[in-house]
Number of protein chains: 2
Amino acid sequence: MKKSLKIRVPGFTFSGIAAGIKQSGDPDLAIIKSAVPCTAAGVFTKNRVKAAPVRLSMRRLARMKQCQAIIVNSGNANACTGNRGAEDARVMTALVARALGIPETLTCVSSTGIIGHPMPIDAITNAIPNAAAALSQASIMDAAEAIMTTDTFPKVSVQKIEIGGLRGIIAGIAKGAGMICPDMATMLCFLFTDVSVAHEALVRALKTSTDISFNRLTVDNDMSTNDTVIVMANGLLRNRPITSTSRHYSTFQNALSKVTSELTQMIAEDGEGATSKIRVEVESARSVKEALKIARAIAGSMLVKTAIYGKDPNWGRIIAAAGRAGACMKEEKTDIRINGVLIAKDGASTGMEKKAGASMGRKETVITVRLKSGRQSATVFTCDLTEEYIRINAHYTT
Amino acid sequence: MKKSLKIRVPGFTFSGIAAGIKQSGDPDLAIIKSAVPCTAAGVFTKNRVKAAPVRLSMRRLARMKQCQAIIVNSGNANACTGNRGAEDARVMTALVARALGIPETLTCVSSTGIIGHPMPIDAITNAIPNAAAALSQASIMDAAEAIMTTDTFPKVSVQKIEIGGLRGIIAGIAKGAGMICPDMATMLCFLFTDVSVAHEALVRALKTSTDISFNRLTVDNDMSTNDTVIVMANGLLRNRPITSTSRHYSTFQNALSKVTSELTQMIAEDGEGATSKIRVEVESARSVKEALKIARAIAGSMLVKTAIYGKDPNWGRIIAAAGRAGACMKEEKTDIRINGVLIAKDGASTGMEKKAGASMGRKETVITVRLKSGRQSATVFTCDLTEEYIRINAHYTT
């Protein structure tokens, strides 16, 4: 994490301060700013209940296709807050725009925290000038800290990228989805690059990267009211703008996916109360869709997650979760590995429970399910389920 | 529960003994027998991975439409046990049939417990004569105890029924689905009546009763490898057999549903580690299907369940779960009550958090969501999620 302190993305400045939204006094307000307007794209929650800042940022990005600054607060989600919430979100962007001397329409907003409580807008109003004054190229870690809720560490990822001899950079910060197969714990991610990318290419690259990273972390329907991923490309690298047909597109796509995948791993590692990341690999399925269904059912199973926590190689729970996924699978053809140990072959025990159990308790547990019915595979990430998760979530508003 | 001790269903005898399948030495083998062959129907798990006893009992009930005895064991699910498991299930029915002097084809079998371990068939073989010898009309509670796994109390329900001046009885025993919105903790239920019912009517009545009781307790896809509900009607009441068009059908249907609903409530109350049952009512939806989708999303939300445990009236989690259910709902029209306290009106807080919080911590928590978009409603049952659930499930095979 130390190296993140040195991350600079040309043209981007960051700040993260304590505005007093969180009772703890921890940092809770971040600003991300580019020196020039950026081509920008976003991916947002599909929940029918969308927080006010989500609705505002969606609208602005759709209309402007550009963005120059984002204000993000933690501690309050500004969700289910009615007309007042919509006004508060707008006011936040207006004040930031004024403080930064940029158009309000190029300003986005994200919020995360408790739902259904009005924003402490006065605290935010008072803090915005300080947050604007604190902007600096070196402060990416401050911003990453200010967007945290129950995260235990800030999440920053960076990739270098070479485009036709020019050396660019893609960086991102994220906050965790609390628990990983959750209903609604908010996931936020902001990505910044100095590479010049055409809008259509940026939209496509972001969608692809999100699909194979954040969307493999949680079932689609389980999105929160506030989930947001925004990418900003300010073009200061002065490369010829990348389009989705240009030969550098895949270079950009791969680098972006690497950043989102790294952040995904960090979120899984930092699941609320988690002691182990879990990687669920489903192999030799008839289609990616079926592989994903089964991987998600396993990753979403409370009984599988608690078994991993108990270092219990309970493959019965794994195969039963696979069986109820609504995808094609044959019990008598299914092999299951835990951390590489073949614990069930053709749907029956191999007697290797002890060896598999001994392999557990690591920072990452790998469950591999081989269906032997096709050539497609998919991987989904989650984490174990512990008493600590219950403790954290049983007392969140109070 | 005391009154259950007096339950007698004419013609039915029961036993429950300790066969040594459970290491604890607790009762783990039950026999249910009718003096005469019964009309019988069953509802089974839809999981693609079906335990051997499920496959055998499904086949026999489909072919014979009759059943005279059921052998049930707890401690081992006989699931994912390959050819040996299929043979073990068959042997269990053969031995019971021989001990009781009835046809093997009229004998069903159910198992619940750990998956993927071979049955301790010798222990069962040795115990069957004892279980047969212990059969008595008064032992229904013994059978209810012997089918328990992590249940903390035996579950028995009984309803009197009058058919054309004749006084019949419907009784049932069940074991819990561990946690209530679980992946696969097994639910077993056996129902017995002296009423004479035609096979088609019995099939229909059982399906209807299951749909509005057990199937409101858990999402369909979340069934275990072993879930089983079997009803046996021995006809000793000597009423004219009830068909689905006869005027007594609804009397029978209602009484059967009352038994399954009572057992459903007991299972919810006895959810693993639960401190409170939760009743989720969704009202004024456009269709029952949409109401059910939303009720199930709320009842399945780990964040809602942990909030209830924390006596936290966190309606934000409730509305967010509703929003991701994939059903039609408008945030700005949604009202939410907790234990009757209107905590959100038209999607925004009413400021009644304190009053709602004070109402929590009861044996049952009622969440009522009013969508104001139609005239249909649905209710789903679940329970809260506690550290104890994690403790129970983190160390189940070991």
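Visitor: Is Arg238(A) buried or exposed?

Guide: In this predicted model, Arg238(A) counts as exposed because its relative accessibility is 66%; buried means under 20% relative accessible area, exposed over 50%, and partly exposed in between, with a 1.4 Å probe and protein chains only. Arg238(A) lies in the loop between strand S8 (228-233) and helix H6 (249-269) of chain A, where helices (H or I, at least four residues) and strands (E, at least two) are DSSP runs numbered from the N terminus.

Visitor: And what is phi of Arg238(A)?

Guide: Phi of Arg238(A) is near 65°, which is a positive value in a residue other than glycine. Lys311(B) also has a positive phi, near 55°, and it too is a residue other than glycine.

Visitor: Where is Lys311(B)?

Guide: Lys311(B) is in the loop between H8 and H9 of chain B, and with a relative accessible area of 46% it is partly exposed.

Visitor: Before we go on, what should I know about the numbering and the model?

Guide: Residues are numbered from 1 along each chain as its sequence is written, while chains are lettered from A and ligands numbered from 1 in the order in which they are written. Since the model is predicted, local features need pLDDT of at least 70 and side-chain atom pairs count only at pLDDT 80 or more, whereas totals for chains, interfaces and linings use all residues, and side-chain values use heavy atoms, leaving out hydrogens and water.

Visitor: Okay, H9 of chain B then. How many of its residues are buried?

Guide: Nine of the nine residues of helix H9 (residues 315-323) of chain B are buried, so this helix is largely enclosed by the rest of the structure. Among them are Trp315(B), Arg317(B) and Ile318(B).

Visitor: Which strands does H9 lie across in chain A?

Guide: Helix H9 (residues 315-323) of chain A lies across strand S10 (335-338), strand S11 (341-345), S12 and S13 of chain A, and it runs at about 130° to S10(A). For such angles, axes are lines fitted to C-alpha atoms, for helices over the stretch in contact, and the angles run from 0 to 180 degrees between N-to-C directions.

Visitor: What is the strand order of the six-stranded open sheet in chain B?

Guide: The order is S12-S11-S10-S13-S9-S14 (chain B), with mixed pairing; two strands pair if DSSP finds at least two bridges between them. Strand S12 (348-349) and strand S14 (376-383) of chain B stand at the edges with a single partner strand each, so one side of each has no neighbour in the sheet.

Visitor: How do S9 and S14 of chain B run, parallel or antiparallel?

Guide: Strand S9 (residues 277-285) of chain B and S14(B) run antiparallel and are joined by seven bridges, with Arg279(B) standing opposite Phe381(B) in S14(B). Helix H7 (residues 288-299) of chain B packs on this sheet, touching S9, strand S13 (364-370) and S14 of chain B, and its direction makes about 20° with that of S14(B); contact here means heavy atoms within 4.5 Å. Helix H8 (residues 302-309) of chain B also packs on the sheet and touches S9, S13 and S14 of chain B, its direction making about 130° with that of S13(B).

Visitor: New topic: why is S7 of chain B largely enclosed?

Guide: Strand S7 (residues 188-193) of chain B is largely enclosed by the rest of the structure because six of its six residues are buried. Leu188(B), Phe190(B) and Phe192(B) point one way from S7(B), while Cys189(B), Leu191(B) and Thr193(B) point the other way.

Visitor: Which strands does it pair with?

Guide: S7(B) pairs with strand S6 (residues 166-175) of chain B in the antiparallel sense over six bridges, and Cys189(B) is the bridge partner of Ala174(B). Six bridges also join S7(B) to strand S8 (residues 228-233) of chain B, and these two run parallel, with Met232(B) in S8(B) as the bridge partner of Phe192(B).

Visitor: Last one: how are the two chains related?

Guide: Chain A can be laid on chain B with an RMSD of 0.0 Å by a turn of 180° and a shift of 0.0 Å along the axis, where copies are superposed by least squares on the C-alpha atoms of residues with pLDDT of at least 70 in both. The two copies are therefore related as by a two-fold rotation axis. Of the residues of chain A, Glu387(A) comes closest to that axis, at 2.3 Å (C-alpha).
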